[in-house]
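Have a look at the model first, then read on.

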Amino acid sequence: MANENKLQAVIAHAKEYGFVFPSSEIYDGLGAVYDYGQWGAELKKNLKDYWWRWMTQTNDKNIVGIDSAIFMHPQVWKASGHVDNFSDPMIDNKDSKKRYRVDHLIEGFIEELKRKAFEKIRGKSEDSLLDEGHIVSVADEDVIKDENYLKAIQLEKDLDKLIAADDFAGLKQLIEDNKIACSVSKTVNWTDVRQFNLMFSTEVGSVAEESSKIYLRPETAQGIFVNFLNVQKTARMKIPFGIAQIGKAFRNEIVARGFIFRMREFEQMEMQFFVRPGTQKEWYEYWKAERLKWHLDLGIDPAKYRYHDHVKLAHYADAACDIEFDFPMGFKELEGIHSRTDFDLKSHQELSKKKMQYFDADVDPETGKAYGNYIPYVIETSIGLDRAFLAVLSEAYEEEDLSTEEKQDSRAVLKLSPKIAPIKLAVLPLMKKDGLPEVATELMAECRKHFKCFYEEKDAIGKRYRRMDAIGTPFCVTIDHQSKEDGTVTIRHRDSMAQERVHMSEVANIVKAAVSY
Ligand code: GAP
């Protein structure tokens, strides 16, 4: 399926089956804000649990979790650099009044050039060739010699250079020289490039004169930094140790597209790992490798992930990379791993005038003395929960043709890892009579103690299977007349659709074995 079609199919499926709805849909929605429906909320919670357990329980790296407030003292964002630096270069089209992030505008143009090169050489788009079963590669010799392709590669290099140098005049020149037009007005009538802060602000206080401006946090990390000593002291943590947190973050994204990929209200799962200065490089490499393992444990094809090392580093980092995922829109950032130095703790110490130091009693083998007081360095792992959701959902979604010579048939199925599937087991009595619902209810009572189950007695069994396939339920159990006689049931496996006869007493264990981690 072509990539754009795949994204549209995933969005439609997510809505039809209760995973994701546009926010305030009856009022035509709110840009880049989404609600999670009944199965989406389960899937999202399972992803959170999977991350939380991995960070704070199964991991031997001494990590505890916290839950800090969304509102924080405004000085926090001054110290963190967000008031002064958390902005993106934007440009407005004077005719349509549409605002663009400069890098996205140029990247869109680069993609278009590459697409043209491909179509010119092959006669068709890459997606349609793939759909027809051809093996194609953009590294195809003819394609990479094409003038459009060469121009795209040069533009990529120029863009990286200009962004790294914060050269706004140069970026505008690049847009004008290449006649990059607004998609609405189709003109190249652009304003100068300017910086726009992405934080949302609001007021606290009941009376206007006494109120003060505060921000909705744009990252959860600062809640961890300001609580660093509270946690270290009360939990008696010894360096190296980590603090993890899951929570909402807010950014006034200008170009919000790609469904739940780029939202204005989203959730992050972040972990700050506090280390001795000088050891940050080895811990950075450690977490880079570990985080990829977490993703791969979800059973997704490793070829869908890649690292992208940053050339331009954020104001707080001495090394940084993204774990990118091959979303339906192509490879994009899913998680960031940053070596944040002592920037945040040091800035908070300076602005708050409160010591953010740790006393390290371990002896330095070189000096023979205790390491003593220092501000720790920090390695951060930061993943967007909604992006992780989109990654697993789009990867799991398949439309299968099940036609035989006798009849046409197909199914939409979510091949989600059983660990995160919203419902683990559906219990389906074949009929609504003859005591079958009673047997099914007994099995439900036993299984729902261990995992999320779903009961349904309406409609033909084939239809019920399809509904469970569409929401990714890994197991369905059918109760029939034989179940009443010998206590056996039919268990159906979602992906292979294979069915086997097992004793009812085995069902809970079969499902538990598949969903546990
Ligand atoms: N504390 C570091 C930090 O916030 P970031 O790279 O800006 O770093 C981390 O964000 C992760 O949060 C990203 O890798 C992405 O998965 C997610 N994220 C960032 N902005 C987002 C948005 N507007 N919508 C959804 N997820 C977003």
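For the helix pairs, an axis is a line fitted to C-alpha atoms over the stretch in contact, and angles run from 0 to 180 degrees between N-to-C directions. Keep in mind that this is a predicted model.

**Helix pairs**

Two packed helices are described by the angle between their axes and the distance between the axes. Take helix α2 (residues 38-56) and helix α14 (residues 385-396): their axes come within 10 Å and cross at roughly 110 degrees. Angles of 65 to 115 degrees count as roughly perpendicular, so α2 and α14 are roughly perpendicular to each other. As for handedness, α2 passes α14 in a right-handed crossing.

Now for helix α8 (residues 147-164) and helix α9 (residues 168-177), whose axes come within 9 Å and cross at roughly 155 degrees. Anything over 145 degrees counts as roughly antiparallel, and α8 and α9 are therefore roughly antiparallel to each other. Their crossing is left-handed.

**Around the ligand**

Which residues come nearest to the ligand? Out of the 20 around it, they are Glu-219, Met-263, Glu-270, Glu-333 and Leu-334. The make-up of this shell is 10 charged, 5 polar and 5 nonpolar residues.

β13 gives the most, with 6 residues.

Here are some polar pairs between protein and ligand:

| Residue | Protein side | Ligand atom | Distance |
|---|---|---|---|
| Gln-268 | polar side-chain atom | oxygen | 2.9 Å |
| Glu-380 | side-chain N or O atom | nitrogen | 2.9 Å |
| Gly-384 | polar backbone atom | oxygen | 3.0 Å |

How much of the ligand does the protein cover? On its own the ligand has 550 Å² of accessible area, and the protein covers 92% of that.

Most residues other than glycine have a negative phi, and most peptide bonds are trans. Two spots in this model go the other way.

You'll find Pro-240 in the loop between α11 (228-234) and β9 (241-250).

The other is Ala-32, which isn't a glycine but still has a positive phi of about 60 degrees. Ala-32 also sits in a loop, this one between β1 (20-22) and β2 (34-36).

Notes. Residues are numbered from 1 along each chain as its sequence is written. This is a predicted model: local features need pLDDT of at least 70, side-chain atom pairs count only at pLDDT 80 or more; totals for chains, interfaces and linings use all residues. Side-chain values use heavy atoms; hydrogens and water are left out. A residue is near a molecule or strand if one of its heavy atoms lies within 4 Å of it. A polar contact is a pair of N or O atoms within 3.5 Å; within protein, one must be able to donate a hydrogen and the other to accept it, and residues adjacent in sequence count only if both atoms are side-chain atoms. Accessible areas come from the Shrake-Rupley method with a 1.4 Å probe; for residues, only the protein chains shown count as cover. Helices (H or I, at least four residues) and strands (E, at least two) are DSSP runs, numbered from the N terminus. Ala, Val, Leu, Ile, Met, Phe, Trp, Tyr, Cys and Pro count as nonpolar, Asp, Glu, Lys and Arg as charged, and the others, Gly among them, as polar. Angles under 35 degrees count as roughly parallel, over 145 as roughly antiparallel, 65 to 115 as roughly perpendicular and the rest as oblique. A crossing is left-handed if the near helix is turned anticlockwise from the far one by less than a right angle, and right-handed if clockwise.
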